[in-house]
Amino acid sequence: VFISGVVAGMVYGRIGLSQGSLLLRKRVFGRALDIYLFHQASSIFVVILEILISNEIYTSFYRNINPLPMESPIIALGLGAIFLWQPFMLDILPMYWLFLLITPFSINRFNNNQGYWVLLGSFLIWSVAIYYYHSWYDLQTFLFQFFPCNLGFFNPFAWQFLFIGGLFFGVRRTAGIMIPIKKSLIVLALIIWLGIMLVRYEVLP
């Protein structure tokens, strides 16, 4: 996810600097549309496979964890169109689609010397998502009372921090702004990483 952010920052950061924010939004949203259509095509393919394939191994494994297409393919495709149902092991593209939607805003802030505020906001969202990491599954459980949703394994509120961080470094590289590698920065990064790991694995509250 971090590398994807770096690449997006280098590619779209160059467009933002040289051709302006209007074309930047057009290119990014065009790519987001490609991802959306590809994901929907994959979902339709999965629904068709579940209806047609009668293999015992496939039935005992995949249909048991992904029963909605057999129970109601129309509902599956309808919810899938708004990302409220995501086929098992096909839940990564919706997250990248969301990340692309915030990419133009983030790049414009980076180019206007407001990048650290974006990083701070992203970090705060990540912190809340990690501290209350059960809430992502609680949300799915709550929604499941009303319709058979599956929001996927990946919590975008947590993973966005990696993407935004990569986007930041990608844009800075495109602009020719390099962060000097100093021992103090390395030590600080290790301390932050250690703190994150201690919180993530519940060593610290």
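Modeller: Gladly, and please keep in mind that this is a predicted model. By class, the lining of the largest pocket has 31 nonpolar, two polar and two charged residues.

Biologist: How much space lies in that largest pocket, and which residues are closest to its centre?

Modeller: The largest pocket holds about 1,500 Å³ of space. It is lined by 35 residues, and F2, F161, L162, I192 and I196 are the closest to its centre.

Biologist: Which helices supply the lining of the largest pocket?

Modeller: At least two residues each come from α7 (115-131), α8 (134-143), α9 (156-174) and α10 (183-200). The most comes from α10, with nine residues.

Biologist: And what is the second largest pocket like?

Modeller: About 260 Å³ of space lies there. The second largest pocket has 13 lining residues, with I102, S122, I125, Q160 and I164 nearest its centre. Two or more residues of this lining come from each of α6 (93-111), α7 and α9, and α6 has the largest share, five residues. By class, the lining of the second largest pocket has nine nonpolar, four polar and no charged residues.

Biologist: What makes N155 a cap for the N-terminal end of α9?

Modeller: A side-chain oxygen of N155 lies 3.0 Å from the backbone nitrogen of F157. The cut-off for a polar contact is 3.5 Å between N or O atoms, so this pair is within it. After α9 comes G176, with a positive phi near 80°.

Biologist: Which residues of α9 are buried, and what do they pack against?

Modeller: The buried residues of α9 include Q160, F163, I164, L167, F168 and V171. The buried residues of this helix pack against α1 (2-19), α6, α7 and α8.

Biologist: Why is G9 called buried?

Modeller: The cut-off is under 20% relative accessible area. G9 has 0% relative accessibility, so it counts as buried.

Biologist: Where is G9 found, and which residues does it touch?

Modeller: G9 is in helix α1. Not counting residues up to four places away in sequence, G9 touches R14, L167, G170, V171 and T174. G9 and F168 are 159 residues apart in sequence, yet their C-alpha atoms are 6.6 Å apart in space.

Biologist: Now N108, please. Why does this residue count as buried?

Modeller: N108 has 17% relative accessibility, and buried means under 20%, so N108 counts as buried. This residue lies in helix α6. Leaving aside neighbours within four places in sequence, N108 is in contact with S21, L24 and R25.

Biologist: To finish, how many helices and strands are there in the protein chain, and what share of its residues count as buried?

Modeller: The protein chain has 10 helices and zero strands. Of its 205 residues, 34% count as buried. The C-alpha trace of the protein chain spans about 60 × 45 × 30 Å along its principal axes. Among contacts between residues at least 6 apart in sequence, 68% join residues at least 24 apart.

Definitions and conventions
Residues are numbered from 1 along each chain as its sequence is written. This is a predicted model: local features need pLDDT of at least 70, side-chain atom pairs count only at pLDDT 80 or more; totals for chains, interfaces and linings use all residues. Side-chain values use heavy atoms; hydrogens and water are left out. On a 1 Å grid over the protein atoms alone, a cavity is a set of points where a 1.4 Å probe fits but cannot get out, and a pocket is an open set with protein on both sides within 12 Å along at least five of seven lines; lining residues have an atom within 4 Å of a point. Grid points are joined across faces, edges and corners, and a volume is the space filled by probe spheres set on the points. Helices (H or I, at least four residues) and strands (E, at least two) are DSSP runs, numbered from the N terminus. Ala, Val, Leu, Ile, Met, Phe, Trp, Tyr, Cys and Pro count as nonpolar, Asp, Glu, Lys and Arg as charged, and the others, Gly among them, as polar. Buried means under 20% relative accessible area, exposed over 50%, partly exposed in between (1.4 Å probe, protein chains only). Contact means heavy atoms within 4.5 Å. A polar contact is a pair of N or O atoms within 3.5 Å; within protein, one must be able to donate a hydrogen and the other to accept it, and residues adjacent in sequence count only if both atoms are side-chain atoms.
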